[in-house]
Amino acid sequence: MTKAANAIQEWQCISDMFAEKWHIPRYAGSVDGKHLTIPAPSNSGSYFFNYKSYNSTILIAVVDA
């Protein structure tokens, strides 16, 4: 039971830090993504071709406060 209680307190602390820094209550973190332009890899066909009409891969970041 102690481990679960510590986890709850840790998440509450992260949520409090996020609210203090970004003024958004009850959040534990944020997720964002971005298309990075890349040269077309050999024999990749349309695998890396996106809806914006260029080849890309996606960078996704997850952060806490």
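This note goes through a predicted model point by point, from its strands to its loops, rings and surface.

1. Ground rules. Residues are numbered from 1 along each chain as its sequence is written, and side-chain values use heavy atoms, with hydrogens and water left out. Because the model is predicted, local features need pLDDT of at least 70 and side-chain atom pairs count only at pLDDT 80 or more, while totals for chains, interfaces and linings use all residues.

2. The strand pair. Helices (H or I, at least four residues) and strands (E, at least two) are DSSP runs, numbered from the N terminus. Strand β1 covers residues 30–37, and strand β2, residues 56–63, runs antiparallel to β1 and is joined to β1 by 8 bridges; two strands are said to pair if DSSP finds at least two bridges between them. Within this arrangement, V31 has V62 in β2 as its bridge partner. Strand β1 is hardly covered, since the count of buried residues among its 8 residues is 0, where buried means under 20% relative accessible area, exposed means over 50%, and partly exposed lies in between (1.4 Å probe, protein chains only).

3. Two residues with positive phi. R26, in the loop between α1 (2–22) and β1, has a positive phi of about 60° although it is not a glycine, and R26 counts as exposed because its relative accessibility is 75%. N43, which is found in the loop between β1 and β2, likewise is not a glycine and has a positive phi, of about 55°; with a relative accessible area of 82%, N43 is exposed.

4. A buried loop residue. Is N50 buried or exposed? N50 is placed in the loop between β1 and β2, and it counts as buried because its relative accessibility is 10%. Leaving aside residues up to four places away in sequence, N50 touches H35 and S56, where contact means heavy atoms within 4.5 Å.

5. Aromatic pairs. A pair of aromatic rings is described by the distance of the centres and the angle of the planes. Rings of Phe, Tyr and Trp (its six-membered ring) pair if their centres lie within 6.5 Å, and planes under 30 degrees apart count as stacked, over 60 as edge-to-face and the rest as tilted. By this rule the count is 2 aromatic pairs. F18 and Y27 form a stacked pair, at 6.1 Å centre to centre and with 15° between the planes; F18 is buried at 6% relative accessibility, whereas Y27 is partly exposed at 43%. The rings of Y47 and F48 have centres 5.0 Å apart and planes at 85°, so this pair is edge-to-face. Y47 counts as exposed at 68%, and F48 as partly exposed at 24%.

6. The nonpolar patch. V31, I58, I60 and V62 make a nonpolar surface patch of about 430 Å², with accessible areas taken from the Shrake-Rupley method with a 1.4 Å probe, where for residues only the protein chains shown count as cover. I60, placed in strand β2, is exposed, with a relative accessible area of 57%.

Conventions. Patches are made of residues with over 30% relative accessible area and no salt bridge: like charges are joined within 9 Å, nonpolar side chains (Val, Leu, Ile, Met, Phe, Trp, Tyr) within 5 Å. A salt bridge is a side-chain nitrogen of Lys or Arg within 4 Å of a carboxyl oxygen of Asp or Glu.
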